[in-house]
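User: I am new to reading protein models. Please take me through this one by question and answer.

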Amino acid sequence: MGLQVIGAGFGRTGTMSLKIALEMLGYVKCHHMVEVLSSDSQAVMWRDIGEGKQTDWDKVFDGFAACVDFPACVVYKELADKYPDAKVILTIRSTESWWTSASQTIFAIGKAMPGWMKALLPRIRNIFAMHEALLDRRMFGGKMRDESAAKAVYERHNADVQKVIPANRLLVYEVKQGWDPLCAFLGKPVPDKPFPNVNDMEEFKARIRMLRIINWAVPVGLLIVLGLAGWGYVALTSGHPPT
């Protein structure tokens with residue numbers, strides 16, 4: 001069947017809340033960056049997309065009825081052409097609030113990731129290859145962490161979506177608007193449950209703190225192990241502990 005809903009909004013515009021809402025409306029599953037982070041095959045496919053290799057979108061989104069968030073929003077034009085019957089949702093928030101959220105979470109976590117993890121763990125290496133090629137270079141022109149440049153890209157992207165996608169196919173949406181505009185756009189009945197409100201900024205910050213701890217704790221631990229190993233070697237070869 002292919003994608004039925006395409007999310008064109010950047011990460012940190014309520015995309016996790018929208019993912020859950022779409023799945024509650026029957027669009028199961030909804031693709032989100034979390035799928036890339038948790039799947040070796042997704043990480044490889046999106047790395048290849050970032051490197052400009054030929055893409056089989058049906059394979060990338062096999063088992064998904066919808067997509068939101070990075071990295072899919074970067075290629076919304078290609079997806080809208082591939083799936084002409086899919087509806088497009090552009091999630092937005094103010095530029096200032098988007099930058100505050102993005103700079104403290106999705107942009108900061110990459111900087112905090114220990115280099116040895118990228119070198120030793122294939123999935124992490126593929127994710128960061130995708131992140132650098134598709135997000136940093138293609139979308140942000142290598143200036144993802146430059147505040148003024150990133151804000152300009154965000155605003156230009158939102159304007160471009162509204163130019164490229166016909167109005168009858170597009171919903172410009174803030175998740176704080178809740179069910180009514182979303183369900184009206186998709187032709188779905190309004191659920192009798194509250195609209196999901198996921199604010200994972202503190203969880204992101206906790207992950208970043210943990211990565212920073214790991215970044216210095218692992219080398220220190222390795223030095224301690226090497227020191228103890230050296231002490232043991234001297235003890236074994238000399239017949240008594242070193243003094």
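Analyst: This is a predicted model, where local features need pLDDT of at least 70, side-chain atom pairs count only at pLDDT 80 or more, and totals for chains, interfaces and linings use all residues. Residues are numbered from 1 along each chain as its sequence is written, and side-chain values use heavy atoms, with hydrogens and water left out.

User: In strand 3, what is the bridge partner of His31?

Analyst: Strand 2 and strand 3 (residues 66-67) pair in the parallel sense over two bridges. The partner of His31 in strand 3 is Cys67.

User: How many disulfides are there?

Analyst: A disulfide is a pair of cysteine sulfur atoms within 2.5 Å. The sulfur of Cys30 has its closest cysteine sulfur in Cys67, 6.9 Å away, so the two are too far apart for a bond. By this rule, the count is zero.

User: Is Cys67 buried or exposed?

Analyst: Buried means under 20% relative accessible area, exposed over 50%, and partly exposed in between (1.4 Å probe, protein chains only). Cys67 has a relative accessible area of 0%, so Cys67 is buried.

User: Which residue forms a salt bridge with Glu96?

Analyst: Side chains of opposite charge can pair when their charged atoms come close. A salt bridge is a side-chain nitrogen of Lys or Arg within 4 Å of a carboxyl oxygen of Asp or Glu. For Glu96, the closest N and O atoms are 2.6 Å apart, and the partner is Lys151.

User: How many residues apart in sequence are the parts that this pair ties together?

Analyst: Glu96 lies in helix 6 (residues 95-104). Lys151 lies in helix 10 (residues 147-164), so the pair ties together parts whose separation in sequence is 55 residues.

User: How far apart in space are Trp57 and Met45, C-alpha to C-alpha?

Analyst: Trp57 is in helix 4 (residues 57-60). In sequence, Trp57 and Met45 are twelve residues apart. In space, their C-alpha separation is 9.7 Å.

Key:
Pairing = 2+ DSSP bridges. Helix = DSSP H or I, 4+ residues; strand = E, 2+ residues; numbered from the N terminus.
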